[in-house]
Amino acid sequence: MAIKRTVIILIAYCFFLTGFAQGKYFTRVGTVSFQASTDMEEVEGVNKTALAIFDSATGQLEFALLIKGFEFKNALMQDHFNENYMESSKYPKALFKGQILHIDSIQFKKTGFYPVTVTGTLQLHGVTKDIEMPCMFRVLNDETLTSELELSIELRDYKISVPRIVKDKIAPTVKIQVYCSYEVLIVPPPTQ
């Protein structure tokens, strides 16, 4: 719990120190799910405690989550995930820092769906890589919006090793989905 609180404080502190404009949104209950299933085994995990912060003026977007927050149907699979594959004691969190391209295409005062592209870096298992992915924003009202994005990563790109004995049970490409429902953190001033 102390690590989670520290991550929240660190993200908020960094966010405000970098001089972002007003119009910030935040959630601490983002959902990140992944699937690495094969024909031999269903491999799925869900984490419902992702932190995310988004600046509607600059398009900056950040996600952070604790790896140990992923839950599985099978407790043994969860243990193997944390101890053998993700080494969550050594690499406790995943972090994405990115930018929404063409942020001006999202009309924050008008309800609706807005497809955009997000670029940035994903830090996972001690490796940081550039990524680009489609994202769908949905404006619900002036104070609430959601985002959904999907990406695929290769385990080898993040130096995640799968023992030969279970290699056929875990897909080398992992599909990740991120869903966040944001609430306004700082209300932007009215435009004149």
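Predicted model: local features only at pLDDT ≥ 70, side-chain atom pairs only at ≥ 80, totals over all residues.
1. A search of the whole structure returns 11 aromatic pairs. One of them joins Phe34 and Phe81, whose rings are stacked, with 5.4 Å from centre to centre and 20 degrees between the planes. Because Phe34 belongs to strand 1 (residues 24–35) and Phe81 to helix 2 (residues 75–85), this pair ties together parts that are 47 residues apart in sequence. Both partners are buried: Phe34 has a relative accessible area of 11%, and Phe81 has a relative accessibility of 10%.

2. The pair of Phe54 and Phe137. Here the ring centres lie 4.9 Å apart and the planes meet at 35 degrees, so the pair is tilted; the assignment follows from the cut-offs, because planes under 30 degrees apart count as stacked and those over 60 as edge-to-face.

3. The buried residues in helix 2 are Met77, Phe81, Asn82 and Tyr85. Viewed down the helix axis, the buried residues fall within an arc of 130 degrees, so they line one face of helix 2. That buried set packs against strand 1, the strand that also holds Phe34, the ring partner of Phe81. On the face turned away from the buried side, helix 2 carries the exposed residues Ala75, Leu76 and Glu83.

4. The two ends of helix 2. At its start, a side-chain oxygen of Asn74 comes to within 2.7 Å of the backbone nitrogen of Leu76, a residue that is itself exposed on the outward face of the helix. Just after the helix, Glu87 adopts a positive phi of about 45 degrees, which a colleague checking backbone torsions may wish to look at in the model.

5. The salt bridge of Lys73 and Glu42. The structure contains 2 salt bridges. In one of these, Lys73 pairs with Glu42, and the closest N and O atoms are 3.1 Å apart. Lys73 lies in the loop between strand 3 (60–66) and helix 2, while Glu42 lies in the loop between strand 1 and strand 2, so the bridge ties together parts that are 31 residues apart in sequence. Lys73 is exposed at 75% relative accessibility, whereas Glu42, at 44%, is partly exposed.

6. The salt bridge of Arg156 and Glu154. The side chains of these residues meet with an N to O distance of 3.7 Å, which counts as a salt bridge because the limit is 4 Å. Arg156 is exposed, its relative accessible area being 64%, while Glu154 is partly exposed with a relative accessible area of 22%.

7. Asn47, a buried polar residue. Asn47 is located in strand 2 and is buried at 0% relative accessibility. The side chain of Asn47 reaches the backbone oxygen of Leu66 at 2.9 Å. Neighbours within four places in sequence set aside, Asn47 is in contact with Gly30, Thr31, Val32, Leu65, Leu66, Gly69 and Phe70. Among these, Val32 has Asn47 as its bridge partner in strand 2.

8. Pairing of strands 1, 2 and 3. Strand 1 and strand 2 run antiparallel and are joined by 9 bridges. Strand 2 also pairs with strand 3 in the antiparallel sense, over 4 bridges, and in this pairing Ile53 stands opposite Glu62 of strand 3. The hairpin of strand 2 and strand 3 has 4 residues between the strands, and in it Gly59 takes a positive phi near 85 degrees.

9. Glu143 lies in the loop between strand 6 and strand 7 (144–154) and is partly exposed, with a relative accessible area of 46%. Glu143 and Lys109 are 34 residues apart in sequence, and their C-alpha atoms are 9.4 Å apart in space.

Definitions and conventions: Residues numbered from 1 in each chain as written. Heavy atoms only, no water. Phe/Tyr/Trp six-rings, centres within 6.5 Å; stacked < 30°, edge-to-face > 60°. Buried < 20%, exposed > 50% of the residue type's maximum accessible area, 1.4 Å probe, protein only. Arc of directions from axis to C-beta. Contact = heavy atoms within 4.5 Å. Polar contact = N/O pair within 3.5 Å; in protein donor to acceptor, adjacent residues only side chain to side chain. Pairing = 2+ DSSP bridges.
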